[in-house]
Amino acid sequence: MSSIKPSDPNAEPPLPPANSTAPASPTGRPTPSKSPGGSAPTGTMTVTGVVTPGVEPNCLLIDNYLLVNGPRDQLRSGARVTVTGRLQPGLMTTCQQGTPLLVESVRPA
């Protein structure tokens, strides 16, 4: 005969899996949801700021956007630039930080 233990009414509910699209994470911040069809959100955007080095070699960021491709003579650490590009949140990189932004154009800010 098997016995079933009743659940503890004072226990915390289990956390959703890491790839869940639950409306909020345990920290209370919204969890990104995928667009219809299951693909991650993408789009063209323009960001202006100071280019900073990433934690890995040859990785450059503005705010939390990882600058992918683009002219390295203009995209250098400390340069203040305006970058236009396409967000590619699902793109795999070795930089381990930032949302990938495929650079389409760069101009001094």
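Predicted model: local features only at pLDDT ≥ 70, side-chain atom pairs only at ≥ 80, totals over all residues.

Trainee: What secondary structure elements does the protein have?
Mentor: The protein has 6 strands and 0 helices. From the N terminus on, the order is β-β-β-β-β-β.

Trainee: Why is Leu102 called buried?
Mentor: The relative accessibility of Leu102 is 17%, and buried means under 20%, so Leu102 counts as buried. Leu102 sits in strand E6, residues 99-108.

Trainee: Which residues does Leu102 touch, not counting those up to four places away in sequence?
Mentor: Leu102 touches Val68, Thr84, Gly85, Arg86, Gln88 and Leu91. Thr44 is 58 residues from Leu102 in sequence, and their C-alpha atoms are 9.2 Å apart in space.

Trainee: What makes Thr84 buried?
Mentor: The reasoning is again a comparison with the cut-off. Thr84 has 18% relative accessibility, the limit for buried is under 20%, and Thr84 therefore counts as buried. Thr84 lies in strand E5. Not counting residues up to four places away in sequence, Thr84 touches Thr44, Met45, Thr46, Leu102, Val103, Glu104 and Ser105.

Trainee: How do you know that Arg86 and Glu104 form a salt bridge?
Mentor: The closest N and O atoms of Arg86 and Glu104 are 2.8 Å apart. A salt bridge requires a side-chain nitrogen of Lys or Arg within 4 Å of a carboxyl oxygen of Asp or Glu, so the pair qualifies. The structure holds 1 salt bridge. The pair links distant parts of the chain, with Arg86 in strand E5 and Glu104 in strand E6, 18 residues apart.

Trainee: Why is Arg86 called partly exposed?
Mentor: Arg86 has a relative accessible area of 37%. Buried means under 20% and exposed over 50%, with partly exposed in between, so Arg86 is partly exposed. For Glu104 the relative accessible area is 46%, so Glu104 is partly exposed as well.

Trainee: What makes Cys59 and Cys95 a disulfide?
Mentor: The S to S distance between Cys59 and Cys95 is 1.9 Å, and a disulfide is a pair of cysteine sulfur atoms within 2.5 Å, so the pair meets the criterion. The structure holds 1 disulfide.

Trainee: Is that disulfide left-handed or right-handed, and why?
Mentor: The torsion about the S-S bond of Cys59 and Cys95 is about -85°, so the disulfide is left-handed. The pair links distant parts of the chain, 36 residues apart: Cys59 is in the loop between strand E2 (52-53) and E3, and Cys95 is in the loop between E5 and E6. Both Cys59 and Cys95 are buried.

Trainee: Which residues have the most contacts inside the largest nonpolar core?
Mentor: They are Val51, Ile62, Leu67, Leu75, Val81, Val83 and Leu101, in a core of 14 residues. Strands E1 (43-50), E3 (60-62), E5 (80-87) and E6 each supply at least two residues of this core. A second, separate core of 6 residues includes Cys59, Leu61, Leu66 and Val68.

Trainee: What does Ile62 contact, leaving aside neighbours within four places in sequence?
Mentor: Ile62 is in contact with Val47, Thr48, Gly49, Val50, Val51, Leu67, Val81 and Val83.

Trainee: How many of the residues of the protein count as buried?
Mentor: Of 109 residues, 25% count as buried. The protein exposes about 7,900 Å², and carbon and sulfur atoms supply 54% of that area.

Conventions:
Residues numbered from 1 in each chain as written. Heavy atoms only, no water. Helix = DSSP H or I, 4+ residues; strand = E, 2+ residues; numbered from the N terminus. Buried < 20%, exposed > 50% of the residue type's maximum accessible area, 1.4 Å probe, protein only. Contact = heavy atoms within 4.5 Å. Core = buried A, V, L, I, M, F, W, Y, C linked by side-chain atoms within 4.5 Å. Areas by Shrake-Rupley, 256 points an atom, 1.4 Å probe, with all protein chains shown as cover.
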